[in-house]
Amino acid sequence: MALVESSTKVVLGGVRGGPDAATLRQDRWWIQPVATMSVLVAFIVYSTWAAFQNKYYYVGAAAHRDLISPFYSPCLAGSCVAGAKSGFAFNWWRLSPALLILIFPLGFRLTCYYYRRSYYRAFWWSPPACAVADAHGSYSGETRFPLIMQNLHRYFFYALLLFNSMLTYDAVRAFDQPGLGLGVTVGTIVLSVNAILLWRYSLSCHACRHLCGGGARNFSAHPLRYRFWKMLTPLNAKHMNFAWASLVFVALADVYVRLVASGALTDYKLF
Ligand code: FES
């Protein structure tokens, strides 16, 4: 049988990027980076706008509700509206209370292993997709500033455990409707689903799994760690799903509270 000669020259180990390094892929590989970029840009634009708004983030006793936007919880500024305030306040803070706490969830997401992959592909094109050339001529990894900051991820994880606990507390508080007693409204469900998704996203984190099982040479000597590691491993496999679901839902939860607080929507009581 005669061999068919390929006319395409493939150079292995060549220079990264450049005009000679075009991809051989024929499929629509660009759809994923473009979709990733669109969702992330939409989230960044909305969350920045919402954080600077400094209003319509709380529905209080006047409406027989106790709903706070996840972007503003815990509300630590002295300017927080009555009812939304946590026990401790920075009275000197004059800007939006959301800006005080934004660094923690933002830092957690920015340094997340999954999001790194996504935004390195979508924004830096480094590389844009499998078997597609890098848009840059060199690669220094995460060994220099600013990307060396990615190593802070585990510390953001610890901080997020506190934030998730706070948002869970908010969801539980939402069941108590001032003047009416206990009940379930659409807002209660929105805050509860938000807290569940954020817990799932955090507990499926690679740093969390490493905390449980990493460094243990012998699981039989660490039965508790082994149990946690076994529990978290299936969640970890779905980390990407929880990353997107929690990102979209946290924005939707803010939208919901904002609409109710501004009077554009009624928070219906289900029972
Ligand atoms: S790896 Fe994604 S949150 Fe830790």
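Predicted model: local features only at pLDDT ≥ 70, side-chain atom pairs only at ≥ 80, totals over all residues.
A251 belongs to helix 9, which runs over residues 239-261. Is A251 buried or exposed? It counts as buried, because its relative accessibility is 13%, and the cut-off for buried is under 20%. And what does A251 touch, once we leave aside neighbours within four places in sequence? The contacts are F43, Y46 and F71.

Now let's step back to the whole chain. There are nine helices and six strands, and the C-alpha atoms fill a box of roughly 85 × 50 × 45 Å along the principal axes. Of the 271 residues, 39% count as buried. The accessible surface comes to about 16100 Å², with carbon and sulfur atoms contributing 66% of that. As for charge, I find 24 positive and 10 negative side chains, and the centres of the two sets are 7 Å apart.

Last stop, the surface. Have a look at F145, I148, M149, L152, Y155, Y158 and L211: together they form a nonpolar patch with about 710 Å² of accessible area. Let me pick out I148, which lies in the loop between helix 4 (113-124) and helix 5 (153-173). With a relative accessibility of 38%, I148 is classed as partly exposed.

Thanks, all, and I'm happy to go back to any of these views.

How values were computed: Residues numbered from 1 in each chain as written. Heavy atoms only, no water. Patch = residues over 30% accessible without salt bridge, like charges linked within 9 Å, V, L, I, M, F, W, Y side chains within 5 Å. Areas by Shrake-Rupley, 256 points an atom, 1.4 Å probe, with all protein chains shown as cover. Salt bridge = Lys/Arg side-chain N within 4 Å of Asp/Glu carboxyl O. Helix = DSSP H or I, 4+ residues; strand = E, 2+ residues; numbered from the N terminus. Buried < 20%, exposed > 50% of the residue type's maximum accessible area, 1.4 Å probe, protein only. Lys, Arg positive; Asp, Glu negative; His and termini not counted. Charge placed at Lys NZ, Arg CZ, Asp CG, Glu CD. Contact = heavy atoms within 4.5 Å.
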